[in-house]
Amino acid sequence: LMNNARFAVGFEGLGVCESAFRMATKYASERVTMGKPIKDHELIADMLQEMDTQIRGVRALAFEAMGATEVAHKLEVKIKTAPPADADELKRLERRWKRELRRARSLTPLLKYVSSEKAVEFARTNMQIHGGMGYISETGADRLLRDALVLPVYEGTSQIQALMALKDALGDVMKNPTKFLADAARARLDA
């Protein structure tokens, strides 16, 4: 239940990020100063580009978490409603289901953490791009920032999400430290 709620908050954070970016881009395209739209001023252009790039990363993380969650759910349904007759095939399916569940469990707190923190950052950047206009209610930038501020708090604070991810990662290491060291050495060599 909590994993699903965190998943939903992660997507809500992505939505706030996207809204902040669109609102900032629209305003920066319309607001002219020093003879050109502020979106063409280097500092504002850099802020907008940074928002766009990071939103793409959050979106990629969201799709990875969504994919793992969806595959795990479909495998669970298959195992419960139409299990394979072959015992080996059933075991293989159960292993895959558990692997996807672990993957979803590791990605979900990361999605919630990253998207919540980025939502606050981007809502604030949006207000910054709006300048004084961002502070008044007519633009909606103030509301977006207020909406964003709750995201790192509910369904587990950002710090709790980091602890969840760390706990699961350390748990995996403790189950098989030799494999962890071998994998780390292999990754280092490959790098």
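Lys26 and Glu30 both sit in helix 1 (residues 2–30), 4 residues apart, about one turn of the helix. Helices here (H or I, at least four residues) are DSSP runs, numbered from the N terminus. The side chains of Lys26 and Glu30 form a salt bridge at 2.8 Å, N to O. A salt bridge is a side-chain nitrogen of Lys or Arg within 4 Å of a carboxyl oxygen of Asp or Glu. Lys26 is exposed, and so is Glu30. Exposed stands for over 50% relative accessible area, buried for under 20%, and partly exposed for values in between (1.4 Å probe, protein chains only).

The model is predicted: local features need pLDDT of at least 70, side-chain atom pairs count only at pLDDT 80 or more, and totals for chains, interfaces and linings use all residues. Residues are numbered from 1 along each chain as its sequence is written, and side-chain values use heavy atoms, with hydrogens and water left out.

The structure holds 15 salt bridges. One of them joins Arg103 to Glu64, with the closest N and O atoms 2.2 Å apart. Arg103 lies in helix 3 and Glu64 in helix 2 (residues 42–81), so this pair ties together parts that are 39 residues apart in sequence. Arg103 is partly exposed, with a relative accessible area of 32%. Glu64 is also partly exposed, at 41% relative accessibility.

A further salt bridge links the side chains of Arg186 and Asp183 (2.9 Å, N to O). Both residues belong to helix 6 (residues 177–190); being 3 residues apart, they are separated by about one helical turn. Arg186 counts as partly exposed because its relative accessibility is 47%. Asp183 is partly exposed at 30%. Elsewhere, salt bridges that share partners join Glu18, Arg22 and Arg59 into one network.

Two surface patches were examined. Patches are made of residues with over 30% relative accessible area and no salt bridge; like charges are joined within 9 Å, and nonpolar side chains (Val, Leu, Ile, Met, Phe, Trp, Tyr) within 5 Å. Accessible areas come from the Shrake-Rupley method with a 1.4 Å probe, and for residues only the protein chains shown count as cover. Lys and Arg count as positive and Asp and Glu as negative, while His and the chain ends are not counted. The place of a charge is taken as NZ of Lys, CZ of Arg, CG of Asp or CD of Glu.

Lys91, Arg95, Arg96, Lys98, Arg99, Arg102 and Lys175 form a positive surface patch. Helix 3 (residues 87–130) supplies its largest share, 6 residues. Arg102 is found in helix 3. This residue counts as partly exposed, at 48% relative accessibility.

The nonpolar patch covers about 360 Å² and is made by Ile160, Leu163, Leu166 and Leu170. Leu163 lies in helix 5 (residues 158–175). At 53% relative accessibility, Leu163 counts as exposed.

Other positions in helix 3 were also examined. Thr125 is placed in this helix. It counts as buried because its relative accessibility is 15%. Leaving aside neighbours within four places in sequence, Thr125 is in contact with Met47 and Met51. Contact means heavy atoms within 4.5 Å. Glu94 also lies in helix 3. Its relative accessible area of 29% makes Glu94 partly exposed. The C-alpha atoms of Glu94 and Ile79 are separated by 7.4 Å, the two residues being 15 residues apart along the chain.

Notes
Helices (H or I, at least four residues) and strands (E, at least two) are DSSP runs, numbered from the N terminus.
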